[in-house]
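Reader: Please show me the sequence and the model. I will then ask about them in turn.

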Amino acid sequence: MADNIYESERLVREYLLFHYGGAEDILPHPSGPHDALGFAVRCVDELVDPSIIPPGARALDIGCAVGRSSFELARVCREVVGLDYSAAFVAAAERIRVEGGMDFTHAVEGDRVAAAVARRPAGVEASRVCFATGDAMALPGDLGTFDVVLAANLLCRLPDPRVFLERLPGLVKPGGQLLMTTPFTWLEEFTPRGNWIGAREGAASADELKRLLEPSFELCFAKDLPFLIREHARKFQWSVAWGTRWMRK
Ligand SMILES: C[S@@+](CC[C@H](N)C(=O)[O-])C[C@H]1O[C@@H](n2cnc3c(N)ncnc32)[C@H](O)[C@@H]1O
């Protein structure tokens with residue numbers, strides 16, 4: 001889709017750097033929010049409870065982008081499905097999976113770019129992961145069920161997040177884990193105002209999300225997860241996602 005920004009070359013480069021870039025590539029400044037680096041790894045490491053993952057577990061990373069968190073999930077789950085609406089993101093993730101890495105450039109200033117390599121993380125078995133395009137608003141009925149479902153920074157990019165939330169009880173096995181992060185960055189270009197979750201006077205998004213999930217999930221853990229997306233050498237987006245782990249009742 002030409003009007004989907006996540007299909008653009010600029011966003012593919014930004015996300016390759018966001019997911020696979022080293023600290024020195026992303027934030028070569030002594031000051032700045034260094035604790036916001038490595039989000040695609042932290043959203044798995046800091047939210048998942050490995051102690052309750054059964055042998056042979058299946059995981060789903062929905063809105064996987066260029067795939068880093070899917071690889072991290074493969075450290076604790078036997079099979080990982082990474083789905084994203086963007087064919088360009090999925091193509092990059094699949095290339096990293098199959099070839100072990102991918103050369104790319106990222107913006108320095110104007111037309112100046114720097115070369116970098118997005119490498120599949122060491123110690124991850126590529127055969128455990130598969131990537132495909134998919135729509136969180138219309139997931140196939142035969143996707144099966146999962147021990148771990150990750151939805152990182154997806155919710156406020158969907159046209160109707162409630163449709164996705166209603167699908168979740170059928171995706172997560174009883175006793176399984178739903179890992180969700182969201183900065184609640186509601187924008188009408190992605191989500192019509194009437195479909196925002198909370199985000200109005202007297203209704204905080206986090207409270208409304210709890211109300212919607214609690215019939216089927218128990219909130220087990222929550223923490224703020226900062227993240228940093230570099231636009232160019234001197235411009236960054238710093239955000240703080242609400243990271244949560246929910247157990248399917
Ligand atoms: C803000 S990015 C987050 C990506 C990744 N999870 C992360 O945390 O870096 C939102 C992602 O959701 C994907 N996305 C948007 N709408 C989607 C949909 N309907 N179904 C599946 N993925 C979608 C985008 O292509 C993009 O990769």
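Reader: Which residue is the bridge partner of D61 in strand 2?

Author: This is a predicted model, in which local features need pLDDT of at least 70, side-chain atom pairs count only at pLDDT 80 or more, and totals for chains, interfaces and linings use all residues. Residues are numbered from 1 along each chain as its sequence is written. Strands (E, at least two residues) and helices (H or I, at least four) are DSSP runs numbered from the N terminus, and two strands pair if DSSP finds at least two bridges between them. Strand 1 (residues 58-62) runs parallel to strand 2 and is joined to it by 5 bridges; the partner of D61 there is G82.

Reader: Is strand 2 largely enclosed or open?

Author: A residue counts as buried if 20 or more other C-beta atoms, placed from the backbone, lie within 10 Å of its own, as exposed if 12 or fewer do, and as partly exposed in between. In strand 2 (residues 79-84), 5 of the 6 residues are buried, so the strand is largely enclosed.

Reader: Which strands stand at the edges of the sheet, and why is one side of each left without a neighbour?

Author: The sheet is open, with 7 strands in the order 5-2-1-6-7-9-8 and mixed pairing. An edge strand has a single partner strand, so one of its sides has no neighbour in the sheet; this applies to strand 5 (129-133) and strand 8 (217-232).

Reader: Which residue of strand 7 stands opposite V148?

Author: Strand 6 (residues 146-152) and strand 7 (residues 172-182) pair in the parallel sense over 6 bridges. Opposite V148 stands Q177.

Reader: What arc do the buried residues of helix 5 cover around the axis?

Author: The buried residues of helix 5 are F89, V90, A92, A93, I96 and R97. They lie on the same side of helix 5, because the arc they cover, taken from the directions from the helix axis to the C-beta atoms, is only 160°.

Reader: What distance separates the C-alpha atoms of M137 and D160?

Author: M137 lies in the loop between strand 5 and strand 6 and is partly exposed, with 13 other C-beta atoms within 10 Å. D160 is 23 residues apart from M137 along the chain, and their C-alpha atoms are separated by 7.5 Å.
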